[in-house]
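I opened a notebook for this one. These are my entries, in the order I looked things up.

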Amino acid sequence: MKLYNTLTRQKEDFLPLEEKKVKMYVCGPTVYDFIHIGNARPYVVFDTIRRYFEYKGYDVNYVQNFTDVDDKIINRANSEGVDAIAIADRYVEEALKDAKALNVKEPTYAPRVTQEIKEIIEMIQTLIEQKNAYEVDGTVFFDTKSFKEYGKLSGKKLDELEIGSRIKLDEAKKNETDFVLWKPKKEGEIAWQSPWGEGRPGWHIECSVMAKKYLGEEIDIHAGGEDLIFPHHENEIAQSECCNHKTFAKYWLHNGFINIDNEKMSKSKGNFFTVRDIAKEVPYDVIRFFILCGHYRAPINFSREAMEASKKSLDRIKNCVNNLNHLINNTTIQNITEEEASLDVVKNIESYKNAFEDEMDNDFNTSNAITCIFEIVRLINSVANDKSSKQFLQKLLDEITSLCDVLGILYETEQQSLDIDESQIEELIAKRQEAKKNKDYKLADEIRDSLKEKGIILRDTSAGVVWSRE
Ligand code: AMP
Ligand code: ZN
């Protein structure tokens, strides 16, 4: 398995620290609003990477944090006249709802900064003792000059950064590039007691602390959006490697941006669409599928048309699976027939499955992996019909669903489960067939219409009744 490592700027073989285990840390959102589809991208792509490791037999320990104390949270709390914790609680809950609806597996741990203050203070103390950090009037800074390798992830050089910096030198700092580990309390802000007075942590320290606490001093994979490479991840490396004297993460993975009109979607620019709003127009599984249709490192342009096109594509896969389920429930032939045994289809599916794995092994190319799934859909549609045996159909179904499960793209979205589930649809189709047999066409039409109202379309084909969602 090869993955692109931002640290070495090349694709490398994945060699885990411990056999068949993956320790993976993904930077999570700052919780002051609903997540937008840009924030959803790291959720979906790193969940898919986790699923692929699991499919390959790895045991994945997956940590994703919530930044629940930050200027933006405090500003929002002040503007609503509530406290910062209440804002954070609200949007942690909303982010969890979106993640679940996007079929993102629960992390092994999902720590929150406000619950890790003791460990944060301890790490800052260690950094001060080791002369990697210093305090000035209640603010603690990391001394970037104390870490010789500063800049190794982003490829930036300290002297260039200093010259290039347009920010006026903060008088308290020794070097322009030094960053804050602990900041003193301002009036009306949430704060904790510390050896440097009341205050709160800077942003970067939380991830070094949480990764160490939940995964250990050395981890396999650290991931997040590419905007985090500098300064966030660069600073994390400096903190962790100075504190622990070990290489922090072996592989650094970064997803590309979701753009609007070729500009990064972000809350601060106001050019964003929340996942919640998009889900009013298309189901959540389409949003997930849309994200996976691009390679995770490439930029994706968001548009309604692209989302509609993703819906149509995903429907092709869903219709194939629905059709198989329907045929399995209705066939009277149990065992694989001689004719089926003589077909090359199972062998051909196997070769597409290998191609799927090759694509995923090549830096998780979900885009090409999806193309392999479409080839399998085409094969299945050409052989499955009402003369097929249950055993044969089941085999086809197992093959396609196992690959779709790696991508997490076939699941019942909340919208669907609110409406009608598959077994209810099958039941109504059977009732309609019975009505037609009894020449009760009025009842048959009523059933067809009531399904249509719920977005289920029936087609009478030579292979029997096939249903699909609108
Ligand atoms: P934030 O809440 O801004 O800290 O972002 C949470 C995660 O979403 C981080 O991993 C960011 O890198 C990622 N992210 C933010 N905006 C985008 C975007 N437009 N496209 C892709 N990833 C993004
Ligand atoms: Zn982080």
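Before going on, I noted the ground rules. This is a predicted model, where local features need pLDDT of at least 70 and side-chain atom pairs count only at pLDDT 80 or more, while totals for chains, interfaces and linings use all residues. Residues are numbered from 1 along each chain as its sequence is written, chains are lettered from A and ligands numbered from 1 in the order in which they are written, and side-chain values use heavy atoms, with hydrogens and water left out.

Cys 207 sits in helix H6 (residues 205–215) and His 232 in helix H7 (residues 229–244). This pair is 25 residues apart and links distant parts of the chain. Helices (H or I, at least four residues) and strands (E, at least two) are DSSP runs, numbered from the N terminus.

Are Cys 207 and His 232 buried or exposed? Both are buried. Buried means under 20% relative accessible area, exposed over 50%, partly exposed in between (1.4 Å probe, protein chains only). Cys 27 counts as buried too, because its relative accessibility is 7%.

**Entry: cysteines**

I searched for disulfides, meaning pairs of cysteine sulfur atoms within 2.5 Å. The structure holds 0. Cys 372 counts as buried because its relative accessibility is 7%.

**Entry: the parallel sheet**

I traced an open sheet of 4 strands with parallel pairing, in the order E4-E3-E9-E10. Two strands pair if DSSP finds at least two bridges between them. Strands E4 (59–64) and E10 (249–255) are at the edges with a single partner strand each, so one side of each is left without a neighbour in the sheet. The twist averages 20° from one strand to the next. For angles, axes are lines fitted to C-alpha atoms, for helices over the stretch in contact, and angles run from 0 to 180 degrees between N-to-C directions.

I then followed E10. Strand E9 (residues 219–225) pairs with E10 in the parallel sense over 6 bridges. Ile 219 has Ala 249 in E10 as its bridge partner. Gly 224 stands opposite His 254 in E10. E10 is mostly covered, with 6 of its 7 residues buried.

Helix H1 (residues 37–55) lies across strand E3 (21–26), E4, E9 and E10. H1 runs at about 165° to E4.

**Entry: the antiparallel sheet**

I found an open sheet of 4 strands ordered E5-E6-E7-E8, with antiparallel pairing. Its edge strands, E5 (133–136) and E8 (199–201), each pair on one side only. Strand E6 (residues 139–142) meets strand E7 (residues 179–184) in the antiparallel sense over 3 bridges. Phe 141 stands opposite Val 180 in E7.

**Entry: domains**

I noted domain 1 (2–135 + 204–280) and domain 2 (315–469). Domain bounds come from an automatic or database domain assignment. Their centres, taken over C-alpha atoms, are separated by 37 Å. In contact (heavy atoms within 4.5 Å) are 16 residues of domain 1 with 16 residues of domain 2.
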